[in-house]
Amino acid sequence: MDKEFPLEALPADAPESACGLLGFWSDHARADALPTRDDFNAQHLAPWIEDLSIYDYHPDIDDYQLMLEGENLVALTGEVWRGAFARELDSHFSTNLHAAMSVARTTEHPKLDMLRILDADWHRWVRLVLPVLRKNKGEKDVFQVFLAVFQMP
């Protein structure tokens, strides 16, 4: 049974918080550049902070490491995965997280998916994978992916 379905846009009944976060990303995207961590800071992201996880891309191993994990995502999995890599999470949860993040990285556009997640019953969730650039003065910039998952009504 498929658990992940790609979306071209958020569904009409998507939670307001998902729409707001995607709108925030779009408002800060520029024609020639991704939103930056200056845009995506804790103050600006306060409405979604518990729903967000941040991954750093490591080009040497072509994988994404979980650096910060939102409380709602910890509650969803029941485990703390900070420090884990996307491929490790894919293996554990039978997901396509690495592939979704790679699409966001290579296209420099959000990747949207509908997820079916089983807890006591199957529920629908929408996943936003948002590419962001962390600029480091005097060092190489770091590509980051912000991941958020919101339960559908």
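**Aromatic contacts in a predicted model**

Arg105 lies over the face of Tyr57, 4.3 Å from the ring centre; a charge counts as over a ring if NZ of Lys or CZ of Arg is within 6 Å of the ring centre and within 35 degrees of the ring normal. The model is predicted, and local features need pLDDT of at least 70, side-chain atom pairs count only at pLDDT 80 or more, and totals for chains, interfaces and linings use all residues. Residues are numbered from 1 along each chain as its sequence is written, and side-chain values use heavy atoms, with hydrogens and water left out.

A search of the whole structure finds six aromatic pairs. Rings of Phe, Tyr and Trp (its six-membered ring) pair if their centres lie within 6.5 Å, with planes under 30 degrees apart counted as stacked, over 60 as edge-to-face and the rest as tilted. One of the pairs is Phe40 with Phe146, edge-to-face at 5.1 Å centre to centre and 70° between the planes. This pair links distant parts of the chain, 106 residues apart: Phe40 is in the loop between helix H1 (16–28) and strand S2 (52–58), and Phe146 is in strand S6 (residues 142–151). Helices (H or I, at least four residues) and strands (E, at least two) are DSSP runs, numbered from the N terminus.

Phe40 counts as buried at 0% relative accessibility, and Phe146 is buried with a relative accessible area of 1%. Buried means under 20% relative accessible area, exposed over 50%, and partly exposed in between (1.4 Å probe, protein chains only). Phe40 and Phe146 also belong to one aromatic cluster with Phe24 and Trp48.
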